[in-house]
Amino acid sequence: SISTELTTLADLLPNPTIIHPDIARQVQVDLRGLGTLPGDLSDARRAEADAIAAGHRSRSRQSQLIVLRRQIRADHVVAVAEVEAAEMALGGAKEDLAGFALGTFIGSSALALESFSTDTDTDTGPSPIPTLAADAEDVLVQAQQASSQRLARAEGERTRIAGELEVAGRELSEVTAGIVAADIAREVAAADAARIEPAFEAALRTAPVAGVDFPVVVLDAYYRAALRTAQDKPWCAVRWDHLAGIGKVESRHGTFGGNTVGADGRTDGEILGPVLDGTRFASIPDTDGGRFDLDSVWDRAVGPMQFIPGSWNRYGDDGNSDGVIDPHNMYDAALAAANHLCGTTGGLDDEANYQRALLGYNRSVPYGLMVMDFAVQYRTTLSLVPTSDSVPDPAGEVPVAALRIPMLD
């Protein structure tokens, strides 16, 4: 079942389509804000598993019953043959007894006539013939009785086997019907799970990651940007926590000003920094005609990673392969931040280079120290180990169709 507490994404989505598998296997999320979706998906999966198990049991029993019924039918053939043999034996015994009785009657009559015409003075005693006849009759009577008993046993066995055959046939029909019902239940449950899973996976993207202060979609953006950079610029050694440190300081991971990051990675509002008119910060006249910062006079930093338009024009990149390079989308902004860090240093695996890259991002030592501190905290709290299948898809990062799932209510 799906817990309402912390759980690993892979326990919920063994094959996620819009969450990187490394994150799914190694990160826990809090499901308490997802409403009924976890329970609905759990119920659908449990129903599907139960239906599959019921189908397996019924098919196994069906195979057993087919073998059993075949054996019972063979036994029934033997029993029928035995009944027929017993009937023939009984018929023969009856014929033997009837023939003997007739023969005895004729023999006894002839003997009586012979005795009647013989002189009584020469009588030497009773004739042995009646005694022999009686003995023979007893034997024939016993044979008939034995045949009758054999027939009764054979008929009883045939009746018993016929009953077993009927019971097996009835159970086989019930089991076959159970298989059909289990298959239908499995298809219904699978359809329910297939309907719920996309919405559930999209909702998971906005669920909080355990131990840190951003949701799955933000971690996914940082992580994919690091993987993409490792593929394109392996010498740079940028990590996801480097980007997370910047995102924390720049916009609290896209939540500055009450914003939230949607399932597609875009903030629901546009995060704009202060006007760079020289009053409080540097003076940077407009470079984008207000396209990104909505100001056609002065530049303003834009998006969750706070790029000024000039820097965005240089480092902006399509991190989610949707064909749009949007500074307000966390995927694009994270990849742009990685490009910026790599563009101002020889590689972040060296501490001095890392510091120089942060100064290139924002010429403030306190800023760089805060970023580095948060990066260490995130890396310590959340250890993500790239696996052998962590190579991004050739087109870039997340499939376009996957990221076009609308935010859930």
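Trainee: Which residues lie nearest the centre of the largest pocket, and how many residues line it?

Mentor: The idea first: on a 1 Å grid over the protein atoms alone, a pocket is an open set of points with protein on both sides within 12 Å along at least five of seven lines, and a lining residue has an atom within 4 Å of a point. Here 20 residues line the largest pocket, and Glu250, Ala301, Gln306, Ile308 and Asn362 lie nearest its centre. Keep in mind that this is a predicted model, where local features need pLDDT of at least 70, side-chain atom pairs count only at pLDDT 80 or more, and totals for chains, interfaces and linings use all residues. Residues are numbered from 1 along each chain as its sequence is written, and side-chain values use heavy atoms, with hydrogens and water left out.

Trainee: What is the volume of the largest pocket, and how does its lining divide?

Mentor: A volume is the space filled by probe spheres set on the grid points, which are joined across faces, edges and corners. For the largest pocket that gives about 700 Å³. The lining comes out as 12 nonpolar, 6 polar and 2 charged residues.

Trainee: Are Gln306 and His253 buried or exposed?

Mentor: Buried means under 20% relative accessible area, exposed over 50%, and partly exposed in between, using a 1.4 Å probe and protein chains only. Gln306 counts as buried because its relative accessible area is 15%, and His253 is buried at 1%.

Trainee: How many helices and strands does the protein have, and what share of its residues is buried?

Mentor: There are 11 helices and 2 strands, running β-α-α-β-α-α-α-α-α-α-α-α-α from the N terminus. Of the 409 residues, 39% count as buried. Val29 in strand 2 (residues 28–30) is a case in point, at 0% relative accessible area. Its C-alpha is 9.0 Å from that of Gly211, 182 residues apart along the chain. Met330 in helix 8 (residues 330–343) is buried too, at 1%. Met330 and Thr267 sit 63 residues apart in sequence, with 7.5 Å between their C-alpha atoms.

Trainee: How many salt bridges does the structure hold?

Mentor: The rule is a side-chain nitrogen of Lys or Arg within 4 Å of a carboxyl oxygen of Asp or Glu. The structure holds 18. Take Arg46 and Asp43, whose closest N and O atoms are 3.1 Å apart. Being 3 residues apart in helix 3 (residues 37–116), they are separated by about one helical turn. Asp232 and Arg228 pair at 3.2 Å, N to O; both are in helix 5 (residues 216–232), 4 residues apart. Asp232 is partly exposed at 45%, whereas Arg228 is buried at 13%.

Trainee: Which parts of the chain does the Glu171–Arg61 pair link?

Mentor: Glu171 and Arg61 meet at 2.8 Å, N to O. The pair links distant parts of the chain: Glu171 is in helix 4 and Arg61 in helix 3, 110 residues apart. There's also a network of salt bridges joining Glu157, Arg160 and Glu164.

Trainee: Which residues form the nonpolar patch on the surface?

Mentor: Patches take residues with over 30% relative accessible area and no salt bridge, joining like charges within 9 Å and nonpolar side chains (Val, Leu, Ile, Met, Phe, Trp, Tyr) within 5 Å. Areas come from the Shrake-Rupley method with a 1.4 Å probe; for residues, only the protein chains shown count as cover. Val180, Ile184 and Val188 make up the nonpolar patch, with about 260 Å² of accessible area together. Val180 is in helix 4 (residues 129–205) and counts as partly exposed at 48%.

Notes:
On a 1 Å grid over the protein atoms alone, a cavity is a set of points where a 1.4 Å probe fits but cannot get out, and a pocket is an open set with protein on both sides within 12 Å along at least five of seven lines; lining residues have an atom within 4 Å of a point. Ala, Val, Leu, Ile, Met, Phe, Trp, Tyr, Cys and Pro count as nonpolar, Asp, Glu, Lys and Arg as charged, and the others, Gly among them, as polar.
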